[in-house]
Amino acid sequence: MKKLLVGLIVVVALAFGGYKLVAVLSYGGTSYYTKVTTSGEQITEKSDQGRSYTDYRYRLTGYDKTGHSRLLDFNANKARPLKRGAYLKLVYNANKGVTSWQAVDQGLVPEPALSRLN
């Protein structure tokens with residue numbers, strides 16, 4: 001019984017570790033910082049259920065914590081454009097592109113990236 005319990009714990013730990021590894025490889029990446037300078041390109045699409053929705057596509061230059069740049073393409077997935085002048089932190093994955101973004105305060109942007117953005 002004790003061996004079965006230990007074996008079960010090991011299997012669960014391996015499964016959880018494998019899941020986390022796949023998540024990091026698929027959605028993790030390098031953080032880039034950018035400043036919203038445009039209203040984005042408005043796009044209207046239809047969902048699988050036939051309902052229309054509006055989205056905004058952006059193409060902005062982002063800078064990592066050392067100041068190296070990358071051109072980033074992403075959708076805001078919002079019904080209205082992002083606020084101009086807002087600072088964003090984006091996660092870029094080499095295989096999937098931008099996997100996530102979030103608004104951040106100017107004080108959280110690393111100095112090398114901030115100096116390139118302003």
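How many aromatic pairs does the structure hold? There are three aromatic pairs, where rings of Phe, Tyr and Trp (its six-membered ring) count as paired if their centres lie within 6.5 Å, with planes under 30 degrees apart called stacked, over 60 edge-to-face and the rest tilted. The model is predicted, so local features need pLDDT of at least 70 and side-chain atom pairs count only at pLDDT 80 or more, while totals for chains, interfaces and linings use all residues. Residues are numbered from 1 along each chain as its sequence is written, and side-chain values use heavy atoms, leaving out hydrogens and water.

One of the pairs joins Tyr32 and Tyr92 edge-to-face, at 6.2 Å centre to centre and 85° between the planes. Tyr32 sits in strand E1 (residues 30-35) and Tyr92 in strand E5 (residues 87-93), 60 residues apart; strands here are DSSP runs (E, at least two residues), numbered from the N terminus. Both tyrosines, Tyr32 and Tyr92, are buried, meaning under 20% relative accessible area with a 1.4 Å probe and protein chains only.

Another pair is stacked because the rings of Tyr58 and Phe74 have centres 5.5 Å apart and planes at 20°. Tyr58 belongs to strand E3 and Phe74 to strand E4, so this pair ties together parts 16 residues apart in sequence. Tyr58 is buried at a relative accessible area of 1%, and Phe74 is buried at 5%. Together with Trp101, Tyr58 and Phe74 form one aromatic cluster.

Now for the strands themselves. E3 (residues 52-63) and E4 (residues 69-75) pair in the antiparallel sense over seven bridges, pairing being called when DSSP finds at least two bridges between two strands. Leu60 has Leu72 in E4 as its bridge partner. Five residues lie between the strands of this hairpin, in which Gly67 takes a positive phi near 100°.

Conventions. Helices (H or I, at least four residues) and strands (E, at least two) are DSSP runs, numbered from the N terminus. Buried means under 20% relative accessible area, exposed over 50%, partly exposed in between (1.4 Å probe, protein chains only).
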